[in-house]
Amino acid sequence: MDMKATKKKLGMKERYRVLTRDLGWEPGYQSKEAIFPYVRYEGIKVHDWDKWEDPFRLTMDAYWKYQAEKERKFYAIIDAHAQNNGHLNLTDARYLSALKIFLQAISPGEYAAHKGFARIGREFPGVGTQVACQMQAIDEIRHAQTQIHAMSNYNRYYDGFHAFADARDRIWYTSVARSFFDDAMSAGPFEFMIAIGFSFEYVLTNLLFVPFMSGAAYNGDMATVTFGFSAQSDEARHMTLGLECIKFMLEQDPDNLPIVQGWIDKWFWRGFRVLGLVSTMMDYMLPKRVMSWREAWEIYGVENGGALFRDLARYGIRPPKGWDDAEQAIDHMSHQFMLGLYQWSFGTAFHSWIPSDDDMAWLSAKYPDTFDRHYRPRWAHIKKLKAAGTPFKNYGLARLCQCCQLPCVFTEPGDPTLTCHRETVYKGEKYQFCSDGCKDIFEHEPEKYIQAWLPMPALFSELGGDVAAWMDWVNLRDGADNGDYDGSRDQKHFDEWRGLATSNL
Amino acid sequence: MAVTSLKEYIGVARDRVENYGGKQIVYLSWDHHLLFAAPLMLCLPPATPFGEVLRGPLAALLQADPDASALDWSKVEWLKDNRPFAPDFSRSLADNGIGHKDQLRFRTPGLNSLQAVA
């Protein structure tokens, strides 16, 4: 008798069909409009959701297998790092300032991205899209968790790590990253995809992750390098999803082009502002530097970004509106930020410091047109104030931008000697901005941005300007977490412990 | 449309003057003096005489700048809303028309120790 052999395993293509596209169905007793109420109000027209391509064709069963394998490797290295006193292998404890900023501002952003992708996975009607968003949602929460785990070992030895969740919610500089994600999450599903999937993951992420992970490797931080590797293979998938979404929108209907272009303009500028803080890490905070912010921008901004927008030109997309202003700011922003961080360091849960003579020589070589002319005289004066026993603390709290929420440290395009002042009046209220880019974003959707909770004004409206009460509220331990690295507990401990490991005293 | 939304949506401004217990926010900025990384924020009663702001809280904040001791308030050029402005030092913020969250700028041509000005 003939036995018909049953095929035991599905082929890749079939499995993808069964485990992805086959999960969808046509609703019978509810309308599609009622089930997916959020896909039309942004104005994006979609005629055929099946045109959504998923180049990775990853199915959930394979996804779990890959991720579990990565988790095993990750935790093996994290354990080894803890057991081998990895916290002493750093070039210097100054490096940790970059890590503290990352933990307080960026890791919570991963968690926010998780929430956002979980939501839009429900809001998009196409099955391919839903599955891709679901995987990214799980990736993002995994990234937040692995980052927190990787950095938790440092919390046993150093200040500034103990209250990252309070810092995330309450301290002033984290509101920059938080407002970025809140803005994206309170937008519709398509705008969210452009904000996070395209602008952040595709256009700007290399400026964050590549220098950050190289910085960790250069400075002996194996824990951070490990979470970087563990996240990297996910990032490739995220970038593809972002790019796929933008091409899908543009191919579905010509009316989508101006809407998409507006979002690209907006989210490039918002991302550029958030990631601008990375410039301080690259130019100032890494004891052993990888490359300058200017050099990173040349590679990841000008070359990679330029190629991307040349590719998208066939859809009618042009480079983001703020691109030229961004280019002009590159040689200035790290210095403008770091001078700010130093003078407000009484209110930061990380340390900053005056660059050494060697550091300044490096900065001068990397920024020959700007550092000596504009920024060295300020550092020199700040150094003099410190030597005289009157270190510079600027208790005049900063004007924050109503849109990006950064202190307005930026100068006029074309005039680095003058602060950029932009303001507008909406419904009788005055609003201040750091730049044309941020003012344009506000004016497009003022009802959104008037609700911004700006931490500096809130210190007066909610705490009557009491800085000590504010420190309690944000869980900042005065004299430990904040201030100049020079003379800090982190410095003292690192030097002592490292001394024990390398000498007999 | 003032926001992209499913239906009409009205936001609530978070930093209206009512939230400041009778005070208001004023931003001050010394042009070409970037030792102060951003415009300075003060929270003051609207009845504060303008001259008192300069002699009191502002003078204290500006001390770190090497030009502070040479500052002659009678020669300073003022801007409000980025336009020339002539404040009366003896009158209050309110009487001078300085509202909540207004940005005041002042200029001191020739006094630029830390910043070469083109």
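Reader: Why is the crossing in which H4(A) passes H5(A) called left-handed?

Author: A crossing is left-handed if the near helix is turned anticlockwise from the far one by less than a right angle, and right-handed if clockwise. H4(A) passes H5(A) in the left-handed sense. Helices here are DSSP runs (H or I, at least four residues; strands, E, at least two), numbered from the N terminus. The model is predicted: local features need pLDDT of at least 70 and side-chain atom pairs count only at pLDDT 80 or more, while totals for chains, interfaces and linings use all residues. Residues are numbered from 1 along each chain as its sequence is written, and chains are lettered from A and ligands numbered from 1 in the order in which they are written.

Reader: What makes H4(A) roughly antiparallel to H5(A)?

Author: The axes of H4 (residues 96–123) and H5 (residues 127–155) of chain A come within 8 Å and cross at roughly 155 degrees. Because angles over 145 count as roughly antiparallel (under 35 roughly parallel, 65 to 115 roughly perpendicular, the rest oblique), H4(A) is therefore roughly antiparallel to H5(A). The residues of their contact comprise 15 nonpolar, eight polar and two charged.

Reader: Which residues of H12(A) meet which of H13(A)?

Author: Trp293(A), Arg294(A) and Trp297(A) of H12(A) meet Ile330(A), Asp331(A) and Ser334(A) of H13(A). By class, this contact holds three nonpolar, one polar and two charged residues.

Reader: How do you know that Cys438(A) in H16(A) is buried?

Author: A residue is buried if 20 or more other C-beta atoms lie within 10 Å of its own (exposed if 12 or fewer, partly exposed in between). In H16 (residues 436–444) of chain A, Gly437(A), Cys438(A), Lys439(A), Ile441(A) and Phe442(A) are buried. The buried residues of H16(A) pack against H10, H13, E3, E4 and H17 of chain A.

Reader: What makes a set of residues the nonpolar core to which Cys438(A) belongs?

Author: Such a core joins buried Ala, Val, Leu, Ile, Met, Phe, Trp, Tyr and Cys residues through C-beta atoms within 7 Å. The largest has 152 residues, and Cys438(A) and Ile194(A) are among those with the most contacts inside it. H8 (residues 189–218) of chain A gives the most to this core, with 16 residues.

Conventions. Axes fitted to C-alpha atoms, helices over the stretch in contact; angles between N-to-C directions. Nonpolar A, V, L, I, M, F, W, Y, C, P; charged D, E, K, R; others polar. Contact = placed C-beta atoms within 7 Å.
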